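Subject: The structure we talked about

Hi,

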Amino acid sequence: LTLTLPTTIGTNGQHMKVDGSGNLGWETPATVKLDDSNSTSTVDDIIVDSLDTTTYRSFIIHFAGQPVTDNQDLRFRWRTGGSDESTGGGYKWGIHGVTTNTGSYYDSAAEENYANVIQNAGNATGEGWRMHLQITPHAGSEPDYMGNFGSSVGFRTDSSGNGRTEVGSFYYTSEVSPNGFKLYAASGGIASHNYTIWGVKK
């Protein structure tokens, strides 16, 4: 068995791959960690205004946090050029959930100037939101309908300590090409939180 090493040292974050003929080379991963945060400080919202939509097709956000005020939904808005995208009725969203202690199902859906990505969570110890969110902004070269959507899978604990598993999705109908997003509680801000953002390459 003979393996031929590459002639360069590669760049930060690359990994080695083999071509099936014994030749090793460098490859940049299709999914790249872009940012993370871990904080116990209260914030009004979480804003990211630097999404590289030239390099990445979509973004994955792993998020956990608690609302400052009890029983709050977690909301999402796209941002373009440092400003919220908040056209009235522009976000079409829906969430389907199941309560873990009773097995009962519930649904929620609306057309508003924001998208709910996970519903009301409590603010006591052990309560709050836990979510994986994938978002795909519209790229300027695409037809209008091929972006500005997202999907979420999450678990929340409400103010009574009940667990609720939820899946949801949304679509923003305005013809914009966002380069950022905002996560925020319906009221009162976000207390302790952590998140990691990954980019999925085109």
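A term to settle before anything else: a polar contact is a pair of N or O atoms within 3.5 Å; within protein, one must be able to donate a hydrogen and the other to accept it, and residues adjacent in sequence count only if both atoms are side-chain atoms. Please keep in mind that this is a predicted model, in which local features need pLDDT of at least 70 and side-chain atom pairs count only at pLDDT 80 or more, while totals for chains, interfaces and linings use all residues. Numbering starts from 1 along each chain as its sequence is written, and side-chain values use heavy atoms, with hydrogens and water left out.

**The chain as a whole**

The protein chain has zero helices and 15 strands; helices (H or I, at least four residues) and strands (E, at least two) are DSSP runs, numbered from the N terminus. Along the principal axes, its C-alpha atoms fill a box of roughly 60 × 40 × 35 Å. Of the 202 residues, 40% are buried, where buried means under 20% relative accessible area, exposed over 50%, and partly exposed in between (1.4 Å probe, protein chains only). Contact means heavy atoms within 4.5 Å. Among contacts between residues at least 6 apart in sequence, 71% join residues at least 24 apart.

The chain exposes about 10000 Å², and carbon and sulfur atoms supply 48% of that. Accessible areas come from the Shrake-Rupley method with a 1.4 Å probe; for residues, only the protein chains shown count as cover.

**Salt bridges**

A salt bridge here is a side-chain nitrogen of Lys or Arg within 4 Å of a carboxyl oxygen of Asp or Glu.

- D49 pairs with R79, with the closest N and O atoms 2.8 Å apart. This pair links distant parts of the chain, 30 residues apart: D49 is in the loop between β4 (46-48) and β5, and R79 is in strand β6. D49 counts as partly exposed at 32% relative accessibility, whereas R79 is buried at 8%.
- E142 pairs with R57, with the closest N and O atoms 2.9 Å apart. E142 lies in the loop between β11 and β12 and R57 in strand β5, so the pair ties together parts that are 85 residues apart in sequence. E142 counts as buried at 18% relative accessibility, and R57 as partly exposed at 22%.
- E166 and R156 meet at 2.7 Å, N to O. E166 is in strand β13 and R156 in strand β12, ten residues apart. Both E166 and R156 are buried.

Salt bridges that share partners also join D49, R77, R79, D84 and K182 into one network.

**A buried glutamate**

Leaving aside neighbours within four places in sequence, E127 is in contact with several residues, including Q66, D70, T157 and D158.

**Loop residues**

Most residues other than glycine have a negative phi. N71 has a positive phi of about 60° although it is not a glycine, and N148 has a positive phi near 65°. N71 is in the loop between β5 (56-67) and β6 (72-80) and is partly exposed at 35% relative accessibility. N148 lies in the loop between β11 and β12 (149-157) and is buried, with a relative accessible area of 0%.

N148 comes up again beside S174: leaving aside neighbours within four places in sequence, S174 is in contact with T87 and N148. The side chain of S174 makes a polar contact with the side chain of T87 (3.3 Å). S174 is in the loop between β13 (163-172) and β14 (180-185) and is buried, with a relative accessible area of 19%.

Best wishes
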